[in-house]
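Please read this briefing alongside the sequence and the model, taking the overall chain before the single residue.

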Amino acid sequence: MLTATATGATLSVAGCLGGGDTVRISGGVGPRPMVEVWADIYEDQHDVQFDISGGGTGAGVSDLFNDQVDIAMMGREPFAEERDNGLVAVPMLIDTVVGTVNDNNPVLDAIQSQGLTRDELEAIFTKETTNWGAVFDVDVDEEIVVYGRSDASAAYKQWGDFLAGEDDAYTQSELEEFSDANFNGDQSVAQQVGQEENAIALNNINYVYSLDGGTLDGDIRPVPLDQDGTGLAPEEDFYETRGDLLTAVENGDYPAPPAREMWLAAAEAYEGDAANFVEWVLTDGQQHVRENGYVPLAEDRLVDARETLAANTDS
């Protein structure tokens, strides 16, 4: 089975060998593992190479407008001003962001059995609640350590939307100010949560569950969402494996945000090998999505995306 490649390096293995033209891609950390898998498969089938780097959605969009890449990976829908400046984009898959804690968290049993509501998470991430003992009214006196993202993270934006509920979304700058420390990228955040028993953060689920089996083998755990404030109901308890959580996202049982569509964008129009690759992603490429920890797009969404691609491709 093909699985997502490691994301710590600046470039993916795709594009390191062979001939053919090179498609340059940069942007979101969340979609990058899947894009690298797609690129490896596509490269085996076509005379094309890939040069893939991360840096976050904002970095990818900046690279795109500066003609440094052909495609930007985006973990959010494009802003109106980006579209006004000529950015065109199509969705590629659905990714999921969850709250994360250390597997030795002092109230882990309560978190896993009762879950946390959106209001409780908002209070924690905005420092209204600062002690784990106050979250469940238990005899624990441990300060909560909040970790955030320092890169231009679309996942952080989605998390800010989710935490705010019906109110105006928290900006990344606001969340960074609330946090005790901020780190560059999902992998760094996951590593830091794994080293601090009192930490809480957010991560894409591929940094929470094992890549091969989709199980909770590492040193961080997802935070279940109590969606109605009555405790974690059986129908809300779908966090034991990545597959269970992906099914919940597909069925609409896990909210969006923090689940979100991810996008592939171009400046003005998709061209040449880049356009062909995106078309493949929206057709044959979808069969590889779920086994790599993401949710494929529904067929009606794919139809819309292919129409958008066709209308914005230079022949």
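Among contacts in the chain (heavy atoms within 4.5 Å) between residues at least 6 apart in sequence, 75% join residues at least 24 apart. This is a predicted model, in which local features need pLDDT of at least 70 and side-chain atom pairs count only at pLDDT 80 or more, while totals for chains, interfaces and linings use all residues. Residues are numbered from 1 along each chain as its sequence is written, and side-chain values use heavy atoms, with hydrogens and water left out.

**Overall chain**
- The chain contains 12 helices and 12 strands, which are DSSP runs (helices H or I of at least four residues, strands E of at least two) numbered from the N terminus.
- Of the 315 residues in the chain, 53% are buried, meaning under 20% relative accessible area with a 1.4 Å probe and protein chains only.
- The C-alpha trace spans about 65 × 40 × 35 Å along its principal axes.

**Charge**
- The chain carries 14 positive and 62 negative side chains, and the centres of the two sets lie 3 Å apart; Lys and Arg count as positive and Asp and Glu as negative, with His and the chain ends not counted, and each charge is placed at NZ of Lys, CZ of Arg, CG of Asp or CD of Glu.

**Aspartate 186**
- Aspartate 186 lies in helix H9, which covers residues 186-195, and counts as buried because its relative accessibility is 1%.
- The side chain of aspartate 186 reaches the backbone nitrogen of asparagine 204 at 3.1 Å.
- Leaving aside residues up to four places away in sequence, aspartate 186 touches Val29, Arg149, Leu202, Asn203, Asn204 and Tyr207.

Technical notes: Buried < 20%, exposed > 50% of the residue type's maximum accessible area, 1.4 Å probe, protein only. Polar contact = N/O pair within 3.5 Å; in protein donor to acceptor, adjacent residues only side chain to side chain.
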